[in-house]
Amino acid sequence: TALLVSIDYFFLSMQNNSKEIVSYHLVTRFFYISHVIYFSYLIHGARKISKTTQVKLIHQIKNSTMLIGCITVFGVFLLLLLLKKTEYIYLISEKIEMSYSLIITGFIYFIIRVKSDINVMLLNNMSKKRAAFKLYTIEIFIAIICMYYFLPLYGGPAIFVSFSIAYIIGLLYFKIRRLED
């Protein structure tokens, strides 16, 4: 996990644009507020899951975490739009501009990430750590390739687009391999 969420700064630092790094960091920190909320709930619910847990309990935890995650991510998205529109964001960001494209791509990425976080947590709690490791490896590989190509062309929003592509491919792999069974 640490590698996946740290490659963004590695690639951004190669761009040598400190304002873009700061604006990406601020958008990411705001969205992590939602991540902390739904992931805390997921950790609490996932403690009840084991390899022999009933399917009904797993679906209940997945559905409620998806709902909490989507609501909190959407709430942070609206907050960022409001702060940008009213220019109150400049009180926080010291006149660092956050583009709408950065905020929108961040929103898309974090919505996708909710489902991915749920899947990986459930795999870990159902004693499928090897499958979780494979899933992360695929996502890291895809994210690195995408960042290498997209970042020079599109800047900060390309990080969120790259992660989104990687997580979508991870979700497809999860579904195709039927890892939730």
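**Reading helices H7, H6 and H5**

Author: The buried residues of H7 (buried: under 20% relative accessible area, exposed: over 50%, partly exposed: in between; 1.4 Å probe, protein chains only) pack against helices H1 (7-13), H2 (18-46), H5 (100-125) and H6 (129-154). This is a predicted model: local features need pLDDT of at least 70, side-chain atom pairs count only at pLDDT 80 or more, and totals for chains, interfaces and linings use all residues. Residues are numbered from 1 along each chain as its sequence is written, and side-chain values use heavy atoms, without hydrogens and water.

Reader: What span does H7 reach, and what is expected?

Author: Helices are DSSP runs of H or I, at least four residues, numbered from the N terminus. The expected span is 1.5 Å times one less than the number of residues. H7 (157-176) has 20 residues and reaches 29 Å between its end C-alpha atoms, close to the expected 28 Å. Just after H7, Arg178 has a positive phi of about 50 degrees.

Reader: Is Ile142 buried or exposed?

Author: Ile142 has 17% relative accessibility, so Ile142 counts as buried. Ile142 lies in helix H6.

Reader: What does Ile142 touch?

Author: Contact means heavy atoms within 4.5 Å. Not counting residues up to four places away in sequence, Ile142 touches Ile165, Ala166 and Ile169.

Reader: Where does H5 bend?

Author: A bend is the angle between axes fitted to the seven residues ending at a residue and the seven starting there. H5 bends by about 25 degrees at Arg113.

Terms used. Helices (H or I, at least four residues) and strands (E, at least two) are DSSP runs, numbered from the N terminus.
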